[in-house]
Amino acid sequence: MSSQYIIRRLLIMIPVLFGVSLIIFTIVRVLPGDPAVVLAGPHATKDVVEQVRIQLGLDKHPVTQYVIFLKNIFRGDLGTSSRTGLPVTQEIMARFPNTLLLALASILVATVLGVLTGIIAGVKQNSKFDYLSMLVALFGISMPVFWLGLMLMLLFSIQLGWFPAVGADSFKHLVLPAITLGANSTAIIARMTRSSMLEVIRLDYIRTARAKGLTEKLVIWRHALKNALIPVVTVIGLQTGTLLGGAVLTEIVFAWPGIGRLLVESILSRDYPVIQGVVLLVATLFIFINLIVDIIYSFLDPRIRYH
Amino acid sequence: MGNKMKRKGFLGMIILVAFGFFFFLLLGVVEDPAAQTKPAEKVKPVAAKPKPKVAQKLIVASGTDALTMDTHFGLDAPTFTILDHMVESLLELTPKGEIVPRLAEKWEVSSDATEFTLKLRKGIKFHDDTPFNAEAVKVNFDRLLDPKVAIRYRFLVAPISTVSVVDDYTLKIKTKAPFAALLSNLTHQATAIQSPTSLKASWDKAVAKPIGTGPFIFKEWVPGNKFVMARNDQYWGKKALLEEVTWRVIPDDASRVVALETGEVHVAVRIPPFDIPRLKANPKLTVLDAASVRTIYLGFNCLKEPFNDKRVRQAINYAVNKEAIVKHVLGGVGRVSDAAISPGIFGYTPIKTYEYNIEKAKALLAEAGFPKGFETTLHPAVGRYYMDASVCTAVAADLLKVGIKAEIKMMEWGTYLPSILREKDQVEHKIYMLGWGCVTGDADYGLYTLFHSGEWPKKGMNASFFKNEKLDQILDAARSTANPEERKKLYKEALTIIHDEAPWLFLHSEVQMVGVQKNVKGIIVHPTERVIAKEAWIE
């Protein structure tokens, strides 16, 4: 791992983000629907609609619009939301910390639970625990989050009254959405860890380790796990990226003010600047997470070297 | 040692990456310091009020957030609901549909409805201490009428030609043509009066916080999450009992109900009908219902065959079982329309409902030359009105019984609305769905732009491209007289023509269901789809 490599990866980001910006800029404009009409509302007269169009800068040529958009990005200005009139950065910053918190909490839940379950299930293959945990994992993958979310609310908010059902004001508010959102990832990580573990513990070097007389604990935790984790890290990385992009359904069910909801709302109201801003942010996050995953690889497996 | 170094390097990398990542975000944050919501000016403690035992902090759950802090730029009921508590209009529309004084104390209208004199209340200050007077109101009208400012509801005041200050507290408004509905339009929240100081600083852009004269003062807005307002202890009228009201955004219907059941919120709007029996059985809760002025209809494109034939339009009105739709699709939360506008609106008179009669429908279709029906398309609104798409499915099922095969073409709202509001040569729709909230409480608002032939898109909302000269004359005449009795008579005539000509399939008006904790008193559910907490308190 060289720092040159990382710098190069960071530099590659520039053309990638450039491409992303061009694609998203084009897509939102190809979508059917006229933002000026939607934003002016059903009651507006023709000249008001035209006035809105001018205000949004949509009367200009698309190329000019794109150049202005790029120029502003370099100034750190993502534009103004056409729906609310607030700066896009403010709209995003009002929600992104919530998304970050929820994503990190659920990925924490998912990693701890998923990896532990996966290891035990893998080591004790075909045991009752194995069957049971994989059955639960199957549920975890199949359950729609809005259903799971409402069920958790029913039990923990209405019946037991332990956790609040909606909002994002305190740590208590985080518990139910994090579990709901983490359930799916937990299941995926558990199944991944299990199969990876099964593969690794059949390898020769594990037999060697056992032949050396090492305790089973040492064999599993020091020798097997490190190798078994490589594919798991990829999955965790991908899941984190997805969760950071916002979890629309969970955010809606728990009234969690995150960027997923912001994105959907802005798509529905054809709020071009916000759509572009959110997508750019999410793309940036994805690239960073991929980089981090690659770095963790080389840490887990010293044979992996990037040049 | 080497290993340790490597690990340190690794940690360094992670930190570096994390920093880079936050730097991107920070770029934007520093940009606009005024944008972050700020706490309101400190509210002085109340002196001589009897202290209530419970904290007077009310939480209302709404389905969507406010879209702007500037009432002149407002577009939808949730935004107006919140802003109404802080920014007041000149006149007020009571839930019963009467126009009563608010910031204007008295008014006079010339008999030809072209000159309106308003006497303003004295001794009022805006939340920023700017005095309220005729000059301040004029600044508001100047902005509402400025063509450079994109006021969504401009048409409310568009007929105005001049606004002049007579003295400190008297204002004279003249209109280009007779416009009797102006008084009703001045009850609309989009014409409410904001502090001229804040307007001048943000003329063609939305103000960042609402500064009006109302009983509550802006405290905090966290977009997508909550909006907090605090009591205005300097309020000119009856001071609020609540210290604070928080409007919390809970988009999911089921979650909003849960939050009400767990006691996390005091009030929840738009309760799904199938949850109502359960909430009513809960000893801690009650459900308020109030008719809405929103009328839901399917409009026919009267320029396209076969809908250019009145008999076909009437036949469809006979073929659809409106009662069954209200009962089964809406769970009873609705009222079958008996006119193109709803009760509670000035000018409403019950005309008639086309009864459900398949035979009559078939006979009319045969007369029009379609004994076996025909094929057509139906464009529902999706996710805009209560159960909208399901209502359209029910309509299509009924139409099938008289041989009309209506293919349902769904579009989401952002695509749908612009496609409906195209000019006559460009539209594709044959049957479209819309709901019209007649929120000024005057029939002019509910009929003129929807049925007058001068209001075809893109100018107005007559997306049925309906044209009837007699009706045009009546609607114009009703604008030109200030005599309420005369206007009522004219609107009755207009509604009768509309009923007979049937440019719409008349469906229903919505009923708002609002869930409230039993210890919360004084909540008003207004027919214009607003929840008013100004005089509410918690026991």
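1. Helix α12(A) passes α13(A) in a left-handed crossing. Left-handed here means that the near helix is turned anticlockwise from the far one by less than a right angle; right-handed means clockwise. Helices are DSSP runs (H or I, at least four residues), numbered from the N terminus.

2. A caution on the source. This is a predicted model: local features need pLDDT of at least 70, side-chain atom pairs count only at pLDDT 80 or more, and totals for chains, interfaces and linings use all residues. Residues are numbered from 1 along each chain as its sequence is written, with chains lettered from A and ligands numbered from 1 in written order.

3. The axes of α12(A) and α13(A) come within 8 Å and cross at roughly 145 degrees. Axes are lines fitted to C-alpha atoms over the stretch in contact, with angles from 0 to 180 degrees between N-to-C directions. From α12(A), I259(A), L262(A), L263(A), S266(A) and I267(A) meet V274(A), I275(A) and V278(A) of α13(A). Contact means C-beta atoms, placed from the backbone, within 7 Å.

4. Helices α7 (residues 145-159) and α8 (residues 171-200) of chain A also cross at roughly 145 degrees, with axes within 10 Å. This crossing is right-handed. Among the residues in contact are L152(A) and F156(A) of α7(A), and I179(A) and L181(A) of α8(A).

5. The contact between chains takes 59 residues from chain A and 53 residues from chain B. On the side of chain A that touches chain B, α5(A) gives the largest share, 7 residues.

Technical notes: Helices (H or I, at least four residues) and strands (E, at least two) are DSSP runs, numbered from the N terminus. Two residues are in contact if their C-beta atoms, placed from the backbone, lie within 7 Å.
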